[in-house]
Amino acid sequence: MNTLIKVLVENTTPSSPLIGEYGFSAQLLIDNHNILFDTGSKDALFLNSSVLGIDLSLVEEIVISHGHYDHTGALMPFLNKYGGRKIYAHSGIFPRRLIRRSGGKMVDIGCKFAYQEAVDAGAELVFTDTFTEIHSGIYLTGEIPRLTAYEDVGGDFVFEKDGQLHQDLLPDDMAMVIEHAEGLIIISGCSHSGMINTLEYCRQKTGCSKVLAYVGGTHLMNASPERLENTIKAVRMYDVQKLIIGHCTGFYAAAELYSQLGRNRVIKMDTGMKFVF
Ligand SMILES: [Fe+2]
Ligand SMILES: [Fe+2]
């Protein structure tokens with residue numbers, strides 16, 4: 001499948017007048033499909049698309065990787081501007097979510113829209129809680145089993161239910177998988193399930209062991225040296241051809257992956273980059 005990935009929102013950008021914004025969004029042109037994967041947190045999606053000459057009105061469907069603000073923040077502005085679309089997401093994206101910062105401060109980081117709000121704006125929400133083929137050779141993982149001992153969600157996340165706060169394991173975190181002739185292309189927003197758990201699940205569900213590329217955030221910014229070491233070992237073992245990483249990967253983890261796995265394999269993605277497979 002011909003696949004073109006355009007990074008519309010990422011934390012950083014090397015070129016003005018594009019802007020960096022904490023979050024992730026990419027346009028995926030896969031054969032005849034035009035899909036927006038996540039939306040970033042605010043308005044960089046619109047500004048950067050306009051600078052790059054991308055007509056967002058041609059986007060047919062939107063995938064939401066999980067219910068954090070930096071992936072869902074521009075969805076309502078998108079729907080209000082361009083009208084209703086089919087939206088794929090896990091049904092668990094909506095609870096109020098927070099992160100406990102060091103020092104104990106709680107910060108709201110949840111999904112920026114409620115179910116009914118999106119429906120009222122014309123969204124046709126399709127919940128993909130389990131592994132689902134959305135088009136021939138294009139899949140959404142739904143919930144990803146957590147099998148590795150060394151991976152965690154990457155932060156002190158909590159959600160609110162009935163007025164109580166509970167530990168948030170981000171069960172709604174999902175990735176997209178494209179069956180390319182040269183191997184799987186996996187796209188993830190934050191990889192709260194763990195990059196290696198995500199890789200393993202995609203290989204298992206598709207029956208394809210070759211991984212051409214892993215693209216997105218990897219939430220390794222707080223990873224221990226042991227986690228990084230095990231992650232690098234697994235990437236080598238699975239022989240992932242390209243790691244195109246950014247957003248919540250964090251500078252030091254990206255630097256470690258780059259130095260251990262090499263410049264032919266690891267690319268730090270920035271806003272405005274595009275990748276052809
Ligand atoms: Fe994120
Ligand atoms: Fe996240």
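**Close-up 1. Four strands form an open sheet in the order 7-6-11-12, with antiparallel pairing.** Strands are DSSP runs of E of at least two residues, numbered from the N terminus, and two of them pair if DSSP finds at least two bridges between them. The model is predicted: local features need pLDDT of at least 70 and side-chain atom pairs count only at pLDDT 80 or more, while totals for chains, interfaces and linings use all residues. Because strand 7 (106–108) and strand 12 (164–167) each have a single partner strand, they stand at the edges, and one side of each is left without a neighbour in the sheet.

**Close-up 2. Strand 6 (residues 97–100) pairs with strand 7 in the antiparallel sense.** The pairing runs over three bridges. Opposite Ile 99 stands Val 107 of strand 7. Residues are numbered from 1 along each chain as its sequence is written, and chains are lettered from A and ligands numbered from 1 in the order in which they are written.

**Close-up 3. Helix 6 (residues 225–238) and helix 7 (residues 251–261) cross at roughly 40°.** Helices are DSSP runs of H or I of at least four residues. The two axes, lines fitted to C-alpha atoms over the stretch in contact, with angles from 0 to 180 degrees between N-to-C directions, come within 11 Å.

**Close-up 4. Residues of helix 6 meet residues of helix 7.** Leu 228, Ile 232 and Val 235 in helix 6 meet Ala 253, Glu 256, Leu 257, Gln 260 and Leu 261 in helix 7, contact being C-beta atoms, placed from the backbone, within 7 Å.

Methods:
Two residues are in contact if their C-beta atoms, placed from the backbone, lie within 7 Å.
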